[in-house]
Amino acid sequence: MKYAPILYSMAQKAVGLDLGFKVESLNPTIALTLHTFSSGGIHFPAPTNGIVSYVRIWKAGNNQVGCYFKEVAQRLNVTSKRVRGQEYLQQLRKAKCIITYIRDPLARFLSGYNEHEWRLDESRQLRKSTIHRLSRRRFSGGSFLERPLGNSGRFARYVHNVLSPKDMLHVLSEDYEVRHIFFMSGTLFALHMSGTETPIHFIPLESLSRSLPRFLQEQCDVPEEHTPSVPYCGQHNTTKDPLGTLKAAKKAMGENTSIARAVCYLIAMDYACFPEYLEDSLCSAYLPL
């Protein structure tokens, strides 16, 4: 994780953030928070020994895999369970097989931003207190919430807020949903912390419907008759970009090279861990990995 603060500082410089020493000293704290986040996992007992473990990565097929795990567990007459924290780390140490799904880091980051915006907007009555608390915080240069929704300038301000340690502390303290943008490579940190000796299978999201049944059969000893075709479990409400925030973010990435460079530096660890996605990414112009 020694590169996390360096990448965070590079992203700051890309957008011209000139921070004083006291503020800059928060960089390692925020950078490590972004790079080590894990949302836990889902598991169920394997038919032979140990457990079947799925490492959750938000905005990478998480709901679909969770839905399928529940169905397979029911067929095996066992229960699938969602876990976090120490229980999650213990689960990984017991795992017979571990799987997770990955996707292009930039597409996932933008999708995470879109999800965060939607969750702030989708139920104003429920989230009103969160928005109110955020709006009362003092953001350097202003909060993204002050910009028009679905505007490329709002996404640019969002990136600035993420890159300002004090701003990011405000958001982290008031709104858990910002973690949708946190990085896939945090799963590697969780695996390291767990001490598991079971290899994890990182599989491209595009192949989920084909690969998940086969993985459970070949790696986890789940009988073929208990691994049906992966059912369609619905889409996130954000898939169709109802607020126009994903379109605006893509526009900002295409038109504002400073913002594009900063975002690519932010997620560079994900590209370093999963380099197969870099060649066809806009970030290939900024990351000579």
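Let's start with Phe-37. Its relative accessibility is 16%, so Phe-37 counts as buried. Buried means under 20% relative accessible area, exposed means over 50%, and partly exposed lies in between, with a 1.4 Å probe and protein chains only. Tyr-176 comes out at 37%, so Tyr-176 counts as partly exposed.

A word on the source. This is a predicted model: local features need pLDDT of at least 70, side-chain atom pairs count only at pLDDT 80 or more, and totals for chains, interfaces and linings use all residues. Residues are numbered from 1 along each chain as its sequence is written, and side-chain values use heavy atoms, with hydrogens and water left out.

Now, the rings. How many aromatic pairs does the structure hold? There are 10 aromatic pairs. Phe-37 and Tyr-176 form one that is edge-to-face, at 6.5 Å centre to centre and 75° between the planes. The rule covers rings of Phe, Tyr and Trp (its six-membered ring): they pair if their centres lie within 6.5 Å, and planes under 30 degrees apart count as stacked, over 60 as edge-to-face and the rest as tilted.

Where do the two sit? Phe-37 is in the loop between helix H3 (27-36) and strand E1 (41-45), and Tyr-176 is in the loop between helix H9 (165-174) and helix H10 (186-194), so the pair ties together parts that are 139 residues apart in sequence. Helices (H or I, at least four residues) and strands (E, at least two) are DSSP runs, numbered from the N terminus.

Next pair. The ring centres of Phe-44 and Phe-69 are 5.1 Å apart with planes at 70°, so this pair is edge-to-face. Phe-44 belongs to strand E1 and Phe-69 to helix H4 (residues 62-75), so parts 25 residues apart in sequence are tied together. Both Phe-44 and Phe-69 are buried. Back to Phe-37: with Trp-58, Tyr-176 and Phe-182, Phe-37 forms one aromatic cluster.

On to the sheet. Which order do the strands take? Five strands form an open sheet, E3-E1-E2-E4-E5, with mixed pairing. Two strands pair if DSSP finds at least two bridges between them. Strand E3 (81-83) and E5 stand at the edges with a single partner strand each, so one side of each has no neighbour in the sheet. The twist averages 25° from one strand to the next.

Take the strands in turn. E1 and E2 run antiparallel, joined by five bridges. Gly-41 has Val-55 of E2 as its bridge partner. Strand E2 (residues 51-55) and E4 run parallel, with four bridges. E4 and strand E5 (residues 200-204) also run parallel, with five bridges. Ile-98 of E4 is the bridge partner of Ser-53, and Ile-98 also has Ile-200 of E5 as a bridge partner. Is strand E4 (residues 95-102) enclosed or open? Seven of its eight residues are buried, so E4 is largely enclosed by the rest of the structure.

Last, two helices. Helix H6 (residues 105-121) and helix H8 (residues 152-163) pack at about 100°, axes 12 Å apart. Axes are lines fitted to C-alpha atoms, for helices over the stretch in contact, and angles run from 0 to 180 degrees between N-to-C directions. H6 and H8 are therefore roughly perpendicular. Angles under 35 degrees count as roughly parallel, over 145 as roughly antiparallel, 65 to 115 as roughly perpendicular and the rest as oblique.
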